[in-house]
Amino acid sequence: MMSSITRVAVIGGGISGLSTAYYLKKESARCNKEIEINIIDRSNNLGGVFRSKQIEGFLLEHGPENWISYKPQALELVKELGLEDQVIGSNDKKRRVFILQQGRLQPMPEGMGFLVPVHFKPFWANKLISFTGKARTLLEPLVPPSKKVLSVYSFLRRRIGKELTDKVAEPLISAIYGGDIRKLGIRSSLPDTYKMEQKFGSLWRGMRQQPHQKSASPNPIFLTMKEGMEQLIEGLLKQFPSKLIQRNIQNLELHHESNSYQLVGDNFEQTFDIIILATPAFSSAEIIKSVSPEAANILNQIDYSSTTIVYLAYNREQFSHPLDGFGFVTPKKESRVLDACTWVSSKFEKRCPSNTVLLRCAIHNGRQKRVLPSDNTMQNEVHKELQKIMGFSCSPIFSSVIHNHRAMPQFTLGHTERIAKIKHLLDLHSGLFLSSSFIGGVGIPDCIKTGKQTAKLALNSPRLIP
């Protein structure tokens, strides 16, 4: 080795890469291991899809707007960064989600523990699901555990019936992944749900036999940062000297020499002992294609979906809808323009001027292909769709359109096997690791958890200099 310090390159400055780098730094200090962590990104602005913009008093999130509180990893990291006083919770007094049915908004059935009725009376009282659909759902405990590899749709339809799957499960899960649940695999997309079925024999028994994390959490169901999610990225970046954060590095390729890795890009060439790829699967494939062509080929098989976000704001006094919830989702057969709409001004405080309401509308191309018009035309179409659904007549006073191209990995059938094969191939190259949302889950806590696990793996690498 040329140096007495292990040089590590974390490629990708999104939440996955920065979390990995943070835990590498923390754990190496605890273990008294000397490493130099270089964060390398193709963009000048790190954070990936994390972008928070204040425009005319409106806080616009370009990427995720919050995280789920019952998964602890994100809040733990925020506390370690000294940002706990910057965390705000959702307004759970208005914690209702509506579902579009025949052009009208219906409240999601109550008494459910993630897609499965746990409490009989409130579920039975809901008008969204028919008598036949409710009766079929209540047969779920009698359905034996699945034995085949199933899609999310096939798994849920088998367990809770077609109607509850089509009307409730499909739009909710599609809103998370921005994709088609007929293509997503249950084991990789909803691993906890699949494991519950396998362990307890049914989802209902699983929900009844264990204390559920959501109800046990003292926090609101959703948490976010006071000044926007980009605060989390800024807090992570402050943990590293600016000289070790390398921006605008394009066209990276990795080459494996006898005892090190050479990373080459436009006006860039450096040698490292350990490489951690925290980039999307398609970008990782381009970087490692000369080191492991077979792994690169499998990485290119991982599909990604794109999402367009349309923000619309209205004068509060002229807006006739009560906004008595967090928003609504649309079942696939009901979806025309919109896939989901978050009522931001109801969900979180101080996201817009007090005399306005702010709506965030999502259009996912992974769920169904659409030919998107110009931004102006799209704003008008979304506005007209909202007027029709929500029954207001006023015009928007502010609008913004955001495009997130190939932003969300799709855990399609066979994803678990693909990831296992990729990891096996990369294990043949000591000191080469993956840490990205396509590995351990797309949620912010999932990305942070994956980053922490990858950091531990890297610190146990035989390439780490004693």
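A cavity is, on a 1 Å grid over the protein atoms alone, a set of points where a 1.4 Å probe fits but cannot get out, and its lining residues have an atom within 4 Å of a point. Grid points are joined across faces, edges and corners, and a volume is the space filled by probe spheres set on the points. The model shown here is predicted, so local features need pLDDT of at least 70 and side-chain atom pairs count only at pLDDT 80 or more, while totals for chains, interfaces and linings use all residues. Residues are numbered from 1 along each chain as its sequence is written, and side-chain values use heavy atoms, with hydrogens and water left out.

**View 1. The largest cavity and its lining.** By the rule above, the count comes to 2 cavities of 30 Å³ or more, and the largest of them has a volume of about 60 Å³. Its lining includes Val 149, Leu 150, Arg 187, Thr 412, His 415 and Glu 417. The elements α7 (186-189) and α16 (415-427) each supply at least two residues of this lining; helices (H or I, at least four residues) and strands (E, at least two) are DSSP runs, numbered from the N terminus. By class, the lining has 4 nonpolar, 6 polar and 2 charged residues, where Ala, Val, Leu, Ile, Met, Phe, Trp, Tyr, Cys and Pro count as nonpolar, Asp, Glu, Lys and Arg as charged, and the others, Gly among them, as polar.

**View 2. The second largest cavity.** This cavity has a volume of about 50 Å³, and it is lined by Leu 59, Glu 61, Glu 65, Tyr 311, Val 344, Phe 348 and Arg 351. In the lining of the second largest cavity, 4 residues are nonpolar and 3 are charged, with no polar residue.

**View 3. The second largest pocket.** Of the 15 residues that line the second largest pocket, Lys 162, Asp 166, Lys 167, Pro 331 and Lys 333 lie nearest its centre. Two or more lining residues come from each of β7 (97-101) and α6 (162-177), and α6 gives the largest share, 5 residues. The lining of this pocket divides into 4 nonpolar, 2 polar and 9 charged residues.

**View 4. Helix α1 against helix α11.** Helix α1 (residues 15-30) and helix α11 (residues 230-237) pack at an angle of about 35 degrees, with their axes 10 Å apart; axes are lines fitted to C-alpha atoms, for helices over the stretch in contact, and angles run from 0 to 180 degrees between N-to-C directions. The contact, which means heavy atoms within 4.5 Å, is made by Ile 15, Leu 18, Ser 19 and Tyr 22 of α1 and by Leu 232, Ile 233, Leu 236 and Leu 237 of α11. Of these contact residues, 7 are nonpolar, 1 is polar and none is charged.

**View 5. An open sheet of 3 strands.** The strands follow the order β13-β14-β15, and their pairing is antiparallel; two strands pair if DSSP finds at least two bridges between them. Because β13 (253-256) and β15 (268-272) stand at the edges with a single partner strand each, one side of each is left without a neighbour in the sheet. Between β13 and β14 (residues 261-265) there are 4 bridges, and Leu 254 has Leu 263 in β14 as its bridge partner.

Terms used
1 Å grid on protein atoms, 1.4 Å probe; cavity = no way out; pocket = protein on both sides within 12 Å on 5 of 7 lines; lining within 4 Å.
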